[in-house]
Amino acid sequence: MTTDWTPTPSQTAGPFLHLGLTDNHSVACVAGKGAEGEPVRLTFRVLDGDGAAVPDAMIEVWQADCAGEYSNGAGTSGDATFRGFGRLATADDGSCTFETIKPGRVPGPADTFQAPHINVSVFARGLLKRLSTRVYFAGEAANAEDPILALVPENRRPTLLAQPDPHRAGGWIFAIRLRGQGETVFFDV
Amino acid sequence: MSSSLIQANDRDRDKDKDKNPRRTFAPFRRHEPGTQPDYLYPAYRATRLRAPSQPLIFLPHTLSEVTGPVFGHSDIHPNDSDLTLQHAGEPLGERIIVRGRVLDGDGHAVSNSLIEIWQANAAGRYAHVRDNHPAPLDPNFTGTGRVLTGEDGSYSFVTIKPGSYPWRNHDNAWRPAHIHFSLFGPAFVTRMITQMYFPGDPLFAYDPILQSVPDEKARQRLVSRFDLETTRPEWALGYRFDIVLRGREATPFEGKG
């Protein structure tokens, strides 16, 4: 029996994570067509320190609904209108795309409300533990008063802003640069 | 329970939205130095291009971090916890039982929580298109399982002892036999993926993935224990693997926010 409650160390998910996690248990639809809110088609693209696509990563997202409420029954099965959770493996070009809605504002520290954001986990071969980041939406007025963005050096904040896809209504693009030039801001959660 | 407290507070939110939203929840504890790997561990080559070079930004816990997806019995199928029953025939190799409990940082059970596992077969080959190790696939073994923990945090899988396999990290590199474990726990911040090893594996000292955990005691938590009590006579050896997820701070985070 364990009697020391120091948390178990993380280890990499390795190159074959698809087998256990995404071959049969992907969740591309974070919010179904019936969900209230502004539809968002969010494409991630994961790049390594050489700017090369990462074709063997897994991205998980967790977000509030359009009223700023977190779901308490996400699951991976069924066709719940709003799930709040999503999980996809990246393709050969390092990308994956979730169908969702723009989340509402969630309370932050003190008297603040956070700007709409999506919580992101990245797992991959070469990542000994999960990386956490957040997707905010470029052009959102509330970004200026977001208490978490305020913790990020101003010159790095743009790495947390998804940009509208000029070729697709409701499309947003978020690059995750793991290392080096334009490195995405990652959080110690 | 803190989680129901959050939900109860959520219900009051709309009417309070324009006033001070009162929230009470305990943030999760941070890790002790050395008990988790760093991102960059050059001996594990793939970290060199994938580990961030900038320091992480400390994120105070908000509702976004203390909530997380909840899974239920509808997410699990009957043979998900017995990896030897998923095909027409029995897989080759040494049948084993892996059993343990999922606990939080105070030793309390983490109940009704999803565990997902995946592993190589007895020959050290994954049923994955990108695994080209020249060892045989087993038509009767996929090597994936899922289970929800019980009320007491317990879980159990029946599987086949995975084989060691070579990888190209360095000259003559071999991974010690392991099973990948994926856990959610109650919150976004408790999400964790790890690997379970088998006691006494001679490859431990040569494996940069295991050795990336600086603290020796913490590293030992990744090694399962042979357990005679779990072992079933005339049928299968048993291994015990308890997993500890992060616990909450003792004092709730007061009030607003």
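**A walk through a predicted two-chain model**

With 15 C-beta neighbours inside 10 Å, Q220(B) counts as partly exposed, because that number falls between the limit of 20 or more for a buried residue and the limit of 12 or fewer for an exposed one. The model in which this residue sits is a predicted one, and Q220(B) itself is found in helix 6 of chain B, which covers residues 216-220. Between Q220(B) and A88(B), which are 132 residues apart along the chain, the C-alpha atoms are separated by 37 Å.

Several of the strands can be followed one by one. An open sheet of 4 strands in chain B has the order 4-3-8-9, and its pairing is antiparallel. Strand 4 (144-148) and strand 9 of chain B stand at the edges of this sheet, and each has a single partner strand, so one side of each is left without a neighbour in the sheet. Neighbouring strands of the sheet are turned against each other by 20° on average, with direction ignored. Within the sheet, strand 3 (residues 114-119) and strand 8 (residues 178-183) of chain B pair in the antiparallel sense over 5 bridges, and the bridge partner of W118(B) in strand 8 is H180(B).

Another pairing in chain B involves strand 2 (residues 95-103) and strand 5, which run antiparallel and are joined by 7 bridges. Here V98(B) stands opposite F157(B), a residue of strand 5. Strand 5 (residues 154-160) of chain B has 5 of its 7 residues buried, so this strand is largely enclosed by the rest of the structure.

N172(B) lies in the loop between strand 6 (165-167) and strand 7 (173-175) of chain B, and with 6 C-beta neighbours inside 10 Å it counts as exposed. E234(B) is found in the loop between strand 10 (225-226) and strand 11 (237-240) of chain B, and it too counts as exposed, with 4 C-beta neighbours inside 10 Å. Their backbone angles also deserve a look. Most residues other than glycine have a negative phi. N172(B), although it is not a glycine, has a positive phi of about 55°, and E234(B), also not a glycine, has a positive phi of about 60°.

Chain A comes next. Buried residues account for 50% of the 189 residues in chain A, and among its contacts between residues at least 6 apart in sequence, 72% join residues at least 24 apart.

Inside chain A, F85(A) lies in strand 3 (residues 85-89) and counts as buried, with 24 C-beta neighbours inside 10 Å. The C-alpha atoms of F85(A) and A64(A), which are 21 residues apart along the chain, are separated by 9.2 Å. The largest nonpolar core has 104 residues, of which I59(A), V122(A) and F123(A) touch the most other members. Leaving aside neighbours within four places in sequence, I59(A) is in contact with F44(A), L88(A), T90(A), C96(A), V120(A) and V122(A).

Finally, the two chains meet, with 75 residues of chain B in contact with 62 residues of chain A. On the side of chain B that touches chain A, the largest share, 4 residues, comes from strand 9 (residues 192-197) of chain B, and the residues of that side divide into 33 nonpolar, 26 polar and 16 charged. Strand pairing also crosses between the chains, where strand 9 (residues 187-188) of chain A and strand 1 (residues 57-58) of chain B pair in the parallel sense over 2 bridges. In that pairing, the bridge partner of D188(A) in strand 1 of chain B is F58(B).

Notes:
Residues numbered from 1 in each chain as written. Chains lettered and ligands numbered in written order. Predicted model: local features only at pLDDT ≥ 70, side-chain atom pairs only at ≥ 80, totals over all residues. Contact = placed C-beta atoms within 7 Å. Nonpolar A, V, L, I, M, F, W, Y, C, P; charged D, E, K, R; others polar. Pairing = 2+ DSSP bridges. Axes fitted to C-alpha atoms, helices over the stretch in contact; angles between N-to-C directions. Core = buried A, V, L, I, M, F, W, Y, C linked by C-beta atoms within 7 Å.
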